[in-house]
Amino acid sequence: MQPILEVKNLACGYQNQPVFTAVDLKLYPGQLSGLVGPSGCGKSTFIKAILGLVHPWAGEIWFRGRRLKPGVAPPKVGYVPQVETVDWTFPVTALEVVMMGRYQKQKMFPWASLSDRLAAQELLERVGVANVAHKPIGDLSGGQQQRVFIARALVGEPEIVLLDEPTSSSDLHVQHELLHLLANLNQQGLTILLSTHDLNSVATHLPWVICFNHGLISQGQPIDIFTPANLEKTFGGEMVVFQQEDRILIASGGTSLRHQMQDNLPQILKQANSNHKIQN
Ligand code: ADP
Ligand code: MG
């Protein structure tokens with residue numbers, strides 16, 4: 001199968017300081033993957049490089065077999081930025097946020113046609129927040145804001161959506177609801193790459209993970225990839241991995257923590273997995 005997106009020998013950095021080098025990665029149609037790594041390891045830079053927002057130092061980006069010019073976004077791509085970078089005091093409603101994605105495509109801001117409005121409303125419905133369409137974006141909960149930005153990323157019917165830490169600011173329940181939404185969109189045919197530094201409540205629930213730390217470490221299904229050795233290369237420090245059937249729980253720390261966790265393992269696993277693992 002031809003990859004939807006392929007990155008070859010990609011290198012990026014800022015002010016002579018490299019962030020990552022020699023990254024080769026293929027994303028296939030229908031994949032739902034997590035780009036997993038600690039804070040500052042280059043996840044956002046990698047996503048921005050794919051989007052043409054950061055100019056690579058070296059390397060190539062290909063979309064459906066065609067090489068993209070440096071600094072040019074792939075066609076049919078959606079982007080959900082990290083919520084921490086968004087100005088929530090900006091006086092717009094949820095519906096307007098979604099419509100902005102549409103205007104950017106059509107370059108007719110700020111004149112909305114009825115069909116723009118209906119399309120935006122439909123996207124809010126698709127992501128489950130049609131009820132807050134007319135509320136100011138700043139008044140919504142973190143989970144609702146995230147959904148509005150997912151709706152905005154779906155404008156233009158992208159084939160692939162890149163989300164930067166979509167679950168970073170919400171509680172466990174909201175995180176899992178978001179993961180379910182993304183799994184549903186994925187089942188409808190959307191290819192998804194999301195970044196996360198969260199091992200337990202996000203990464204172990206994804207069907208495919210890409211461990212990243214200033215470069216690619218390894219990729220595969222969480223159960224194969226989250227080994228102590230890979231985790232140490234990715235996150236540094238000693239990591240403890242507990243596995244029970246298809247369930248995984250990861251902790252940082254040494255032997256005392258391991259003993260403590262082994263004593264409480266059944267209960268910890270029950271809690272950690274009370275939300276179902278999402279299926280691809
Ligand atoms: P992550 O998303 O994994 O937290 P980033 O890609 O944001 O990592 O950052 C990788 C490194 O690049 C960090 O050391 C960060 O400080 C640095 N960095 C990120 N953006 C810029 C920028 N605009 N200018 C200079 N350095 C930056
Ligand atoms: Mg980041």
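The structure contains an open sheet of 6 strands in the order β6-β7-β8-β3-β9-β10, with mixed pairing, where strands (E, at least two residues) and helices (H or I, at least four) are DSSP runs numbered from the N terminus, and two strands pair if DSSP finds at least two bridges between them. The edge strands are β6 (77-80) and β10 (216-220), each of which pairs on one side only. From one strand to the next, the twist averages 15°.

This is a predicted model, in which local features need pLDDT of at least 70 and side-chain atom pairs count only at pLDDT 80 or more, while totals for chains, interfaces and linings use all residues. Residues are numbered from 1 along each chain as its sequence is written, chains are lettered from A and ligands numbered from 1 in the order in which they are written, and side-chain values use heavy atoms, leaving out hydrogens and water.

Strands β9 (residues 208-212) and β10 run antiparallel and are joined by 4 bridges, and Phe 212 has Leu 216 of β10 as its bridge partner.

| Helix | Strands | Angle |
|---|---|---|
| α1 (residues 43-51) | touches β3 (32-36), β6, β7 (160-164), β8 (191-196) and β9 | about 150° with β7 |
| α5 (residues 172-187) | lies across β3, β7 and β8 | about 155° to β8 |

Helix α3 (residues 114-126) has 13 residues and reaches 18 Å from its first C-alpha to its last, close to the 18 Å expected at 1.5 Å a residue, the expected span being 1.5 Å times one less than the number of residues. Asp 116, Ala 120, Leu 123 and Leu 124 of α3 are buried, a term for under 20% relative accessible area, with exposed meaning over 50% and partly exposed in between (1.4 Å probe, protein chains only). Seen down the axis of α3, these buried residues fall within an arc of 100°, so they line one face of the helix; the arc is that of the directions from the helix axis to the C-beta atoms. On the other side of α3, Leu 114, Leu 118, Glu 122 and Glu 125 are exposed, and just after the helix Gly 128 takes a positive phi of about 80°.

As for the cysteines, the count comes to 0 disulfides, a disulfide being a pair of cysteine sulfur atoms within 2.5 Å. Cys 211 is in no disulfide, and the nearest cysteine sulfur, that of Cys 41, is 9.8 Å away. Cys 211 is buried, with a relative accessible area of 0%, and Cys 12 counts as buried at 0% relative accessibility.

Methods. Axes are lines fitted to C-alpha atoms, for helices over the stretch in contact, and angles run from 0 to 180 degrees between N-to-C directions. Contact means heavy atoms within 4.5 Å.
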